[in-house]
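Please examine the structure shown below.

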Amino acid sequence: MPGFWLNKVRSHVRIRSPTVQSNPSTADLKNELSGHRGVENSEDSAASESVHGRKIMIVVESSLEAKNALHWALTHTLQSRDLLFLLYVTKPWKKGERFTKDGHPIPRIPDFLHSMKNMCKLKRPEVETEIIVAEGKEKGPTVVEEAKKKEVAMLILGQKKRSMSWRLLMMWAGNRRIGGNGVVEHCIQNASCMAIAVRRKNKDGGYLITTKRHKNFWLLA
């Protein structure tokens, strides 16, 4: 009899498997990268974005970091009907600097910008691409201003790997020197849109993504 009642009790016991929940940081980042705006936005805004696409700006130059950021955007972020701005920031021209010693005008748009635009057309022909050349004494504030002026939804920058001593020096200097990763930090903290820093990992592959809410988040390629 004791064995009978024990078996009867066991027959009514249900074992529930533990609920597996996704990492909230991963989900949040995926929503950010996909341009998800949240339920608080109006239906008209969402409908307008679906028809016209998003405006995305990438800060470009001839560096490897900028090329990696552009490649990541082309393969991971851009969607059909998006408008892509390739932003190149240069120092303000001084009198006489627009011409060579022979008197020939210096091209406003460097050759590598045309190459980048052609690569965008080749890889993502459905995405309209425009080149913007802006002059500014400080790169960070100039980038933030151009992103605001164009009303972009996303700003993407290439990020360099810096040593610990360099980062400690920047912290000590209070980021007064706007250069290198100082530009990236300035844009992430001050841009009116979502700003993303992208760095390619060398050994393990994939990319390290930094936003205002995520620091060096690893995404596989």
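Helix H6 spans residues 139-150, helices being DSSP runs of H or I with at least four residues, and strands runs of E with at least two, both numbered from the N terminus. The 12 residues of H6 reach 17 Å from first to last C-alpha, close to the 16 Å expected, a span defined as 1.5 Å times one less than the number of residues. Within H6, Gly-140, Thr-142, Val-143, Val-144, Glu-146 and Ala-147 are buried, that is, under 20% relative accessible area with a 1.4 Å probe, protein chains only. Glu-151, with a positive phi near 55°, follows H6.

This is a predicted model, in which local features need pLDDT of at least 70, side-chain atom pairs count only at pLDDT 80 or more, and totals for chains, interfaces and linings use all residues. Residues are numbered from 1 along each chain as its sequence is written, and side-chain values use heavy atoms, without hydrogens and water.

An open sheet of mixed pairing contains seven strands in the order S3-S2-S1-S4-S5-S6-S7; two strands pair if DSSP finds at least two bridges between them. S3 (128-135) and S7 (217-219) each have a single partner strand, so one side of each lacks a neighbour in the sheet.

Eight bridges join S2 (residues 83-90) to S3 in the parallel sense, and Leu-83 stands opposite Glu-128.

Strand S4 (residues 154-158) is largely enclosed by the rest of the structure, because four of its five residues are buried. S4 runs parallel to S1 (residues 55-59), with three bridges, and Ile-156 of S4 faces Ile-58. S4 also pairs in the parallel sense with S5 (residues 194-200) over five bridges, where Leu-155 stands opposite Ala-195.

Methods: Buried means under 20% relative accessible area, exposed over 50%, partly exposed in between (1.4 Å probe, protein chains only).
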